[in-house]
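Here are my notes on the model you sent over, point by point. Have the structure open while you read.

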Amino acid sequence: MTNIAFIPVRGGSKSIPLKNIKMLLNKPMVYWTASAASNAKCIDKVVIATDSDEIKNTVLSFNLNKLTIYDRKKENATDTASTESVMLEYINNAKLDENDNFFLIQATSPMLKSEDIDNMFEKYNDEKADSIFSCVISKRFYWDWNIKPINYNYKNRPRRQDYKGMLLENGACYINKVKNILKDKNRLSGKITFYEMPEYSAFEIDEEDDFIIIEKLMKRYNFDK
């Protein structure tokens, strides 16, 4: 059984061209998740899946000892291609063992730490889960498009300290067995559990302003040490 960290990155982002190697705290953005995965005790192999030679060359310059490159197909690196499509492409081409553990890690969540990956895997095993996702506890109040409250009664608004909140996926990491991904064509399936991360990790990088916000947070929480 092998534990594989899989980080899909593509070169064709429309919002920020080559955002995965745009500098963030003096490192290319994808470096942060690649380093976290490489330094996690539970991870055996880190795979960066990209369609870009520029990203590929940048990633190889990291010299991380567990890291390898997978040249993903162009059709699975478009704006409309799902993450699951490149996961399945790699799993099938690499002929992974069905009992391997597959860690999907997203470069747009650079505040994922090695200890998060290890602790998440421990919880996954302890709870004998089929899959697990990382999340934060959100204490925001949500409404649907029909102007109906989803998670609270506006006539009896709870105080923040009395409100349990909801689980919000932060997109940082998902773990599942290869056999489940092949069967269900999804990163999550079967008995699902969650791993809580700090509230600040809810921020993901999708737009230019996100770099400013996340860089300040990373400095505050000593990612540059």
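1. Let me start inside the sheet: I4 stands opposite K45 in β4, and I4 also stands opposite F102 in β6. Strands here are DSSP runs of E with at least two residues, helices are runs of H or I with at least four, and both are numbered from the N terminus. Before going on, keep in mind that this is a predicted model, where local features need pLDDT of at least 70, side-chain atom pairs count only at pLDDT 80 or more, and totals for chains, interfaces and linings use all residues. Residues are numbered from 1 along each chain as its sequence is written, and side-chain values use heavy atoms, with hydrogens and water left out.

2. On β1 and its partners: β1 (residues 3-8) runs parallel to β4 (residues 45-50), and five bridges join them. One of the pairs puts I7 across from I48 in β4. Toward β6, β1 is again parallel, with four bridges. Two strands are taken as paired if DSSP finds at least two bridges between them.

3. The whole sheet is open and has seven strands with mixed pairing, in the order β5-β4-β1-β6-β8-β7-β9. β5 (67-71) and β9 (192-196) are the edge strands; each has a single partner, so one side of each lacks a neighbour in the sheet. On average, neighbouring strands are turned by 30° against each other, direction ignored. Helix α2 (residues 53-60) packs on the sheet and touches β4 and β5, its direction making about 170° with that of β5. For these angles, axes are lines fitted to C-alpha atoms (for helices over the stretch in contact), and values run from 0 to 180 degrees between N-to-C directions.

4. How many residues of β1 are buried? Six of the six are, so the strand is largely enclosed by the rest of the structure. Both faces are covered, with N3, A5 and I7 buried on one side and I4, F6 and P8 buried on the other. Buried stands for under 20% relative accessible area, exposed for over 50%, and partly exposed for anything in between (1.4 Å probe, protein chains only).

5. Now the packing. The largest nonpolar core has 47 residues, among which I7, V30, F103 and I117 touch the most other members. At least two residues each come from β1, α1, β4, α2, β6 (101-105), α4 (114-126), β8 (166-177) and α6 (208-220). The largest share, seven residues, is supplied by α1. A second, separate core of 19 residues includes I4, F6, M87 and I181. By nonpolar core I mean a set of buried Ala, Val, Leu, Ile, Met, Phe, Trp, Tyr and Cys residues joined through side-chain atoms within 4.5 Å.

6. Take I7 as a worked case. Apart from neighbours within four places in sequence, I7 is in contact (heavy atoms within 4.5 Å) with V30, T33, A34, V46, V47, I48, A49, I105 and A107.

7. Two loop residues deserve a look. D44 sits in the loop between α1 (29-39) and β4 and, at 44% relative accessibility, is partly exposed. Its side chain reaches the backbone nitrogen of N3 at 2.8 Å. D44 and K66 are 22 residues apart in sequence, yet their C-alpha atoms are 6.8 Å apart. N76, in the loop between β5 and α3 (83-94), is buried at 14% relative accessibility. The side chains of N76 and S85 make a polar contact of 3.3 Å. A polar contact is a pair of N or O atoms within 3.5 Å; within protein, one must be able to donate a hydrogen and the other to accept it, and residues adjacent in sequence count only if both atoms are side-chain atoms.

8. What about disulfides, meaning pairs of cysteine sulfur atoms within 2.5 Å? A search of the whole structure finds zero. For C135, the nearest cysteine sulfur is that of C173, 12 Å away. The sulfur of C173 is 8.2 Å from its closest counterpart, in C42, which is too far for a bond. Both C135 and C173 are buried, each with a relative accessible area of 0%.

9. Last, a contrast on the outside: K216, in helix α6, is exposed, with a relative accessible area of 60%.

Key. A disulfide is a pair of cysteine sulfur atoms within 2.5 Å.
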